[in-house]
Amino acid sequence: MKQPQEITLLIVDDDDIGVASVQRAMRKLGMSNPVRVGRNGLEALEQLQVLNDTPGRNPCLVLLDLNMPRMNGLEFLAELRSRPELAHTIVFVLTTSEDPTDVANSNRYNVAGYVVKKNAYQSVLATVEMLQHYLRIACPGVIAPSAI
């Protein structure tokens with residue numbers, strides 16, 4: 001029987017503290033999934049393209065901040081969804097923006113969820129825990145056993 005693949009988590013955020021918070025929450029919850037970091041949308045697209053072009057690649061889930069330099073989160077989503085080979089990538093927005101326009105614009109690009117970081121680490125921990133449950137339900141057989 002084929003072994004389940006680990007899902008690679010791509011954190012797209014230019015804030016080192018935000019990235020570290022996600023990684024700390026993953027460790028606390030026992031998640032050992034591979035993690036990649038993109039500091040803006042351009043870096044994230046490059047990394048996704050490399051992962052996509054790699055034989056035997058792991059599927060990827062994106063945690064996306066909206067407010068970044070060079071290419072922000074909404075620009076990233078527009079480009080991601082325009083590329084057939086990447087269009088079905090699962091994306092969760094994790095941002096400080098509560099602006100209803102940002103929520104609506106994100107949802108136009110079929111994000112799997114939109115989470116507002118309110119009290120820093122606690123909301124990140126809750127989000128990562130929610131991702132564990134999401135992966136267990138949405139991606140059975142494609143999740144690292146240590147992440148359950």
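Predicted model: local features only at pLDDT ≥ 70, side-chain atom pairs only at ≥ 80, totals over all residues.
The protein contains five helices and five strands. Along the sequence, these elements follow the pattern β-α-β-α-β-α-β-α-β-α. Of the 148 residues in the protein, 46% are buried. Among contacts between residues at least 6 apart in sequence, 69% join residues at least 24 apart.

The five strands form an open sheet with parallel pairing, in the order S2-S1-S3-S4-S5. From one strand to the next, the twist averages 20°. Within the sheet, strand S3 (residues 60–64) runs parallel to strand S4 (residues 90–95), and four bridges join the two. Leu 63 has Phe 92 in S4 as its bridge partner. Helix H3 (residues 73–82) packs on the sheet, where it touches S3 and S4, and its direction makes about 155° with that of S3. Helix H5 (residues 121–138) lies across S3, S4 and S5 and runs at about 165° to S4.

The count of salt bridges comes to three. In one of these, the side chains of Asp 13 and Lys 117 meet at 3.5 Å, N to O. Asp 13 is in the loop between strand S1 (8–12) and helix H1 (16–28), while Lys 117 is in the loop between S5 and H5, so this pair ties together parts that are 104 residues apart in sequence. Both partners are buried: the relative accessibility is 5% for Asp 13 and 16% for Lys 117.

Another salt bridge is formed by the side chains of Asp 16 and Arg 39, at 2.9 Å, N to O. Asp 16 belongs to helix H1 and Arg 39 to the loop between S2 and H2, and the pair links distant parts of the chain, 23 residues apart. Asp 16 counts as exposed because its relative accessibility is 51%, whereas Arg 39, with a relative accessible area of 30%, is partly exposed. A salt bridge also joins the side chains of Arg 83 and Glu 79, at 2.9 Å, N to O. Arg 83 is partly exposed at 23% relative accessibility, and Glu 79 is partly exposed with a relative accessible area of 29%.

Asp 102, in helix H4 (residues 100–108), is buried yet has no salt bridge. The nearest side chain of opposite charge is that of Arg 108, 9.7 Å away, and a salt bridge requires a side-chain nitrogen of Lys or Arg within 4 Å of a carboxyl oxygen of Asp or Glu. The side chain of Asp 102 does make a polar contact of 2.5 Å with the side chain of Ser 97. Apart from neighbours within four places in sequence, Asp 102 is in contact with Leu 66, Leu 74, Ser 97 and Tyr 114.

Leu 51 is located in helix H2 (residues 41–53). This residue counts as buried because its relative accessibility is 8%, and the limit for a buried residue is under 20%. When residues up to four places away in sequence are not counted, Leu 51 touches Thr 8, Arg 36, Arg 57 and Cys 60. Leu 51 and Thr 8 are 43 residues apart along the chain, and their C-alpha atoms are separated by 9.3 Å.

Technical notes. Residues numbered from 1 in each chain as written. Heavy atoms only, no water. Buried < 20%, exposed > 50% of the residue type's maximum accessible area, 1.4 Å probe, protein only. Lys, Arg positive; Asp, Glu negative; His and termini not counted. Polar contact = N/O pair within 3.5 Å; in protein donor to acceptor, adjacent residues only side chain to side chain. Contact = heavy atoms within 4.5 Å. Pairing = 2+ DSSP bridges. Axes fitted to C-alpha atoms, helices over the stretch in contact; angles between N-to-C directions.
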